[in-house]
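Reader: Could you take me through the reading of a sheet and of a single residue beside it, with the criteria spelled out?

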Amino acid sequence: AEYAKSIKATDFNESTLEQASKKALPWDRVSLERADAYHLDTITGDFDMVMAVDWFAHVPKSRIPVFLSGITQRVPAGSQLIFIDQLPGTHSLSDHFDEEGNHIQQRSLGRKDQFSVIKHFFSNEELHEWLAPHTHELSITKFHECRRVLVYGKTKRGR
C-alpha cells in the first residue's frame with residue numbers, strides 16, 4: 001500500500017471488510033468495497049493490475065474461467081496479474097473431493113462450528129492450464145520456507 005497510487009480491496013463478506021478497516025493502512029489511498037468475485041463488473045473504478053491473496057485456491061474449478069475472464073475485462077491487456085496462495089503443509093491434503101474434483105478441507109471456528117471449504121493446491125502444470133488462456137509471461141515461484149506460492153502473469157486481453 002505504501003507504493004501504490006491507490007488500492008481497492010474487495011471481499012464478499014462484510015465481516016472481512018470490517019477486519020480490514022481496523023488495519024493501519026494509508027486510508028487516503030486504500031478503499032474497501034463489498035464485491036462478488038464472479039461479478040467484477042459491479043466494482044467501481046478503473047484498474048491497471050489485479051492481485052488476489054489467498055483467494056484463487058478457493059475458487060471452484062467450474063467457476064475459474066468466469067473469474068479469470070472477469071479479471072481480464074477490468075484491466076488493460078498487458079496488466080500484471082498476481083496471485084499469492086498457500087503451499088500445502090504436512091496435514092493440508094485430504095482425500096476428500098467433490099463431484100467436480102475440488103479438494104475439500106474441514107475447518108473449524110472455535111470448538112463447535114465445523115465447515116467444509118474448497119482448498120486447491122495446484123501443480124505448476126494445473127496453474128499453466130488454467131491461466132494460459134488469460135495470461136502470458138506466466139511465472140510460478142514457490143517459497144517453501146513460508147509455504148507460499150507467487151503466480152505472476154500479464155493479461156492477454158483487456159477492456
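Author: What follows treats the sheet, then the helices on it, then one serine.

This is a predicted model, in which local features need pLDDT of at least 70 and side-chain atom pairs count only at pLDDT 80 or more, while totals for chains, interfaces and linings use all residues. Residues are numbered from 1 along each chain as its sequence is written, and side-chain values use heavy atoms, with hydrogens and water left out.

Reader: In what order do the four strands of the open sheet lie?

Author: Strands are DSSP runs of E with at least two residues, helices runs of H or I with at least four, both numbered from the N terminus, and two strands pair if DSSP finds at least two bridges between them. Here the order is 3-4-8-7, with mixed pairing. Strand 3 (49-53) and strand 7 (135-143) are at the edges, each with a single partner strand, so one side of each has no neighbour in the sheet. Strands 7 and 8 (residues 148-155) run antiparallel, joined by seven bridges, and T141 stands opposite L150 in strand 8.

Reader: Which strands does helix 2 touch?

Author: Contact means heavy atoms within 4.5 Å. Helix 2 (residues 64-72) packs on the sheet and touches strand 3, strand 4 (80-86) and strand 8.

Reader: Is S79 buried or exposed?

Author: Buried means under 20% relative accessible area, exposed over 50%, and partly exposed in between, with a 1.4 Å probe and protein chains only. S79, in the loop between helix 2 and strand 4, is buried at 5%. Leaving aside neighbours within four places in sequence, S79 is in contact with D48, M49, G153, K154 and T155.

Key:
Axes fitted to C-alpha atoms, helices over the stretch in contact; angles between N-to-C directions.
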